[in-house]
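Please have a look at the sequence and the coordinates before reading on.

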Amino acid sequence: MATELILGGVRSGKSALAERLAAAHSRVLYLATAEPGDGEMRERIRRHRQRRPAHWELLEEPLALGDALAARADAGSCILIDCMSLWVSNLLHAGDAVFERQRRALLEALPACPGTVIIVSNEVGLGLVGMDPLSRRFADELGWLNQALAERAERVILTAAGLPLVLKGAALSQ
């Protein structure tokens, strides 16, 4: 099992980097957490789909990532999860019980994956403190999840302006 966590802000290049790393594998499952709730999100999803190779498998799972990971992981494959920030938002709207159960399931499923798992997440700890309780909880929960994922990951990369900075693990090959 190899887990990589790619962090960055909005439009930092984190998804493009994750896709580039995943492309080195012969089999890729793109595990998408986004839901097309409005026109802008549908356009984002369309752009992501257009950018990915046609032979990559796609699984859309807005909540049960742990179950999806456990069911779909096998040796030699790569699973790219994009992204944790949308997933945390989905879970917060699903309620506390679902949130806790699904967060725990994901963190328990990761070590059992025999292939490579590449996880994309926003780094929200560098901005302003949210004005309302839900915004503050989102930032807290995502920050804690990112810390838990970074602890388990072999490599952690922060992207800014399309440039990767390795925070933990092996350097990127150019």
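Does Arg11, with its relative accessibility, count as buried or exposed? Arg11 counts as exposed, because its relative accessibility is 55%; the classes are buried for under 20% relative accessible area, exposed for over 50%, and partly exposed in between, using a 1.4 Å probe and protein chains only.

A word on the basis of what follows: this is a predicted model, in which local features need pLDDT of at least 70 and side-chain atom pairs count only at pLDDT 80 or more, while totals for chains, interfaces and linings use all residues. Residues are numbered from 1 along each chain as its sequence is written, and side-chain values use heavy atoms, with hydrogens and water left out.

**Backbone details**

Arg11 is located in the loop between S1 and H1. Helices (H or I, at least four residues) and strands (E, at least two) are DSSP runs, numbered from the N terminus. Arg11 is not a glycine, yet its phi is positive, and Ala161 is another such residue with a positive phi.

Cys83 belongs to the loop between S4 and helix H4 (84-94).

**The sheet**

An open sheet is built from seven strands in the order S3-S2-S4-S5-S1-S6-S7, with mixed pairing; two strands pair if DSSP finds at least two bridges between them. Strand S3 (57-60) and strand S7 (163-168) are at the edges with a single partner strand each, so one side of each has no neighbour in the sheet. From one strand to the next, the twist averages 20 degrees.

Strand S1 (residues 2-8) and strand S6 (residues 155-160) run parallel and are joined by five bridges. Opposite Glu4 stands Arg155 in S6.

Strand S4 (residues 77-82) contains Ser77, which counts as buried because its relative accessibility is 7%. Apart from neighbours within four places in sequence, Ser77 is in contact with Arg27, Gly115 and Thr116, where contact means heavy atoms within 4.5 Å.

**A helix across the strands**

Helix H1 (residues 14-22) lies across S1, strand S2 (27-32), S4, strand S5 (116-122), S6 and S7, and runs at about 175 degrees to S5. Axes are lines fitted to C-alpha atoms, for helices over the stretch in contact, and angles run from 0 to 180 degrees between N-to-C directions. Seven of the nine residues of H1 are buried, so the rest of the structure largely encloses this helix. Those buried residues are Lys14, Ser15, Leu17, Ala18, Glu19, Leu21 and Ala22.

**Two packed helices**

How are helix H5 (residues 96-109) and helix H6 (residues 133-152) packed? Their axes are 11 Å apart and meet at an angle of about 15 degrees. That makes H5 roughly parallel to H6, a label for angles under 35 degrees. On the H5 side, the contact is made by Asp96, Phe99, Arg103 and Leu107, and on the H6 side by Arg137, Glu141, Trp144, Leu145, Ala148, Leu149 and Arg152.

Key
Parallel < 35°, antiparallel > 145°, perpendicular 65-115°, else oblique.
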